[in-house]
Number of protein chains: 2
Amino acid sequence: MSAPAIVNLAEKLASFSDHWNPRIIGRYNGNEIRVAKIEGEFTWHSHAETDELFMVVSGELGIEFRDGIRRFGPGEFVVVPRGTEHKPFAETECHILMLDREGEPNTGVNPSDYTREKLETI
Amino acid sequence: MSAPAIVNLAEKLASFSDHWNPRIIGRYNGNEIRVAKIEGEFTWHSHAETDELFMVVSGELGIEFRDGIRRFGPGEFVVVPRGTEHKPFAETECHILMLDREGEPNTGVNPSDYTREKLETI
C-alpha cells in the first residue's frame, strides 16, 4: 500500500469561506475528521450515537451546555459525550477541527436551518 | 450531565518528558486520544484492527513507509490505515497527538523494546 496522504489544516481551511458548513478532510476508524469556520450562534442539539470532538485551530470557540458556558482557545479540545446538549458559538470567526461518526448530521437529532444534508469531502 | 472538561495540549505535554511513552488525554467513540514526545527512531510495526492518526503539535515528524518517507509539520496530520507498516522517527524532539483504538499497544502487532504495556491517563 502506498504511503497515506499528508493533510494540512491551514490549506484545507483556506479552501472555503462559509460558516457552519463542515468539510470532511479525513476518515479514521469509521469517523470523519472535519474542519469548519464558525461565527455567531449555532442551534441547541445533541448527537445520540456519537461523541463529538471539537479542537480549536484558531480563534475562540464557545460552547454553551445546560449548566454553563465553556470557552476554548487554540490547542485546546473537548469531547462532548453522546446525548449531551450543546450550542456552539463564536463571537469572531473561529476555525475548528471536529470528529464525528461517519454520516452524522451536523445538528445531530435536532434539525434546524443550520442542518447540512451532505457534507463535502475536500 | 455537567459540561465536559477542557483539555489543553501544551499543559498535558508539559507534564512529562520521556520519549516514546504516549499518555492518554481523552476518549472518543472507543478510541484514545494520546500525546507523546518522540526523538530518534521507533521500530517498524503495524496495527491490525485500528487506523492510527498522527498530528504534529510541534517539531517535525517523519514516518517511514515501505514505499518511502513522509515528513509532517505542525498543523499537519496523517491517518495510517490499519495493516500499514510504518516506522516513526524525529531528528529532534517532536510533540504529537495520536488517535488509537482503546487499549491498542503502541507497537501494534510487533512487540519491541519500545512496547509500553499500559499507558498512563493524565
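The same surface serves both copies: 100% of the contact residues of chain B recur in chain A. Contact means heavy atoms within 4.5 Å.

## Basis of the model

This is a predicted model: local features need pLDDT of at least 70, side-chain atom pairs count only at pLDDT 80 or more, and totals for chains, interfaces and linings use all residues. Residues are numbered from 1 along each chain as its sequence is written, chains are lettered from A and ligands numbered from 1 in the order in which they are written, and side-chain values use heavy atoms, without hydrogens and water.

## Fold of chain A

Chain A has one helix and nine strands. Their order along the sequence is β-α-β-β-β-β-β-β-β-β. Helices (H or I, at least four residues) and strands (E, at least two) are DSSP runs, numbered from the N terminus.

Among contacts between residues at least 6 apart in sequence, 68% join residues at least 24 apart. The C-alpha atoms fill a box of roughly 45 × 30 × 25 Å along the principal axes.

## Burial and charge

Of the 122 residues in chain A, 52% are buried (under 20% relative accessible area, 1.4 Å probe, protein chains only).

Chain A carries 13 positive and 21 negative side chains. Lys and Arg count as positive, Asp and Glu as negative; His and the chain ends are not counted. The centres of the two sets lie 3 Å apart, with charges placed at NZ of Lys, CZ of Arg, CG of Asp or CD of Glu.

Note on methods
Buried means under 20% relative accessible area, exposed over 50%, partly exposed in between (1.4 Å probe, protein chains only).
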